[in-house]
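Here is a short note to read beside the model, written as numbered points. Please keep the sequence and the structure open while you go through them.

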Amino acid sequence: ALWASLPFPPCAPPSMYFFALSHAPPAFAMKIAITTSSFARYSDEPLKLLEQAGVEYVMNDKGRALTEEEAIQILEGCHGVAAGTEPLTKKVMDALPDLKVISRCGTGMDNVDRAYAAEKGIEVRNTPDGPTLAVAELTLGLILTLLRQVPHQDRELRSGVWKKRMGNLLHGKNVGIVGFGKIGQAVAHLLEPFGVNVGYHDPFADVPGYTRLELDDLMGWADVITLHCPKTENGAPLLDLGRLSLMRPGSIILNIARGGLIDEKALLGLLTAGHLAGAALDCFTKEPYDGPLKEMDNVILTPHIGSYAKEARIIVETDTIKNLLDVLFPGA
């Protein structure tokens with residue numbers, strides 16, 4: 001059948017075969033978009049996986065998260081997307097009839113309308129393993145930094161004030177973890193050598209060896225509260241003034257999870273009043289953050305860098321591409 005399909009006899013010169021093959025119609029090519037603006041900055045291995053699979057790709061050149069309209073434009077004709085935090089809504093999906101798979105470069109899925117994706121038969125995946133240790137290590141570092149009042153003393157020394165402030169040990173403290181999935185449990189494992197008591201609240205987890213408490217009970221029990229959970233269904237703060245007020249006097253709180261989980265106005269009031277000793281926030285209700293917490297010496301603010309460790313980033317990006325290829329080339 002192969003010979004019959006050739007436009008010349010089998011005895012034709014080799015040059016004719018080369019001409020025919022080089023001018024044959026190209027095979028159907030897959031195309032994807034990469035919408036995270038910093039993709040492959042630290043390693044080109046994820047891009048090599050696409051090249052080896054013969055997948056065409058386009059990249060976000062905006063240097064920021066895309067809008068709905070920009071996402072539609074860059075994703076036109078694409079079969080998959082290595083997604084950042086751009087809104088992948090019903091409007092976006094309806095405009096992209098070729099889209100087969102959304103692979104989120106990270107763990108958060110708040111920007112993806114997963115229910116509508118399921119209706120349209122678009123597979124949605126994320127990369128839950130890559131950021132785990134990066135977020136957990138940052139959490140541990142921020143807890144220690146808050147307890148020893150490092151930022152406050154750093155600012156004072158730079159301004160010419162030599163003042164030694166008394167901090168606190170982590171050893172012996174009660175640490176409450178809200179959200180006990182991969183990251184929450186990784187935080188618990190890192191804390192074990194410090195001789196702390198770990199308690200957690202998570203309606204979907206039951207992990208032996210740790211104290212499981214209702215959220216309000218955990219708030220009053222812990223010296224340190226750290227959040228590693230998704231947003232609430234209605235988007236309202238999980239920790240409002242009432243819940244924050246349940247915390248022990250002199251305790252500290254961290255949010256390395258999702259913006260909006262903490263009522264920032266209520267947090268500011270409790271910090272100003274001295275009820276809380278300190279806070280560390282890596283995510284905010286509105287980002288970039290530009291609010292009154294910037295003026296507080298006992299608050300550490302970071303620009304949503306929980307997963308920003310080079311090694312973790314490479315793992316996340318590689319897993320993102322593998323997710324895409326698994327769907328686009330099943331069984332390969």
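1. Helices (H or I, at least four residues) and strands (E, at least two) are DSSP runs, numbered from the N terminus. Residues are numbered from 1 along each chain as its sequence is written. The model is a predicted one, in which local features need pLDDT of at least 70 and side-chain atom pairs count only at pLDDT 80 or more, whereas totals for chains, interfaces and linings use all residues.

2. In the loop between β11 and β12 lies Pro288, and the peptide bond that joins Glu287 to Pro288 is cis, with omega about 0°. Most peptide bonds are trans, and most residues other than glycine have a negative phi.

3. Ala40, in the loop between β1 (31-34) and α3 (45-53), has a positive phi of about 65° although it is not a glycine.

4. How far apart are the end C-alpha atoms of helix α7 (residues 132-147)? They are 23 Å apart, which agrees with the 22 Å that its 16 residues should span at 1.5 Å a residue, where the expected span is 1.5 Å times one less than the number of residues. The buried residues of α7 include Thr132, Val135, Leu140 and Leu147, and among the elements that cover the buried residues of α7 are α9 (182-191), β10 (251-255) and α13 (310-328).

5. Strand β4 (residues 101-104) is covered on both faces, with Val101 and Ser103 buried on one side and Ile102 and Arg104 buried on the other. Two strands pair if DSSP finds at least two bridges between them. Four bridges join β4 to strand β3 (residues 80-83), and these two run parallel; here Gly80 stands opposite Val101. Three bridges join β4 to strand β5 (residues 123-125), again running parallel, and in this pairing Ser103 stands opposite Arg125.

How values were computed. Heavy atoms only, no water. Buried < 20%, exposed > 50% of the residue type's maximum accessible area, 1.4 Å probe, protein only. Contact = heavy atoms within 4.5 Å.
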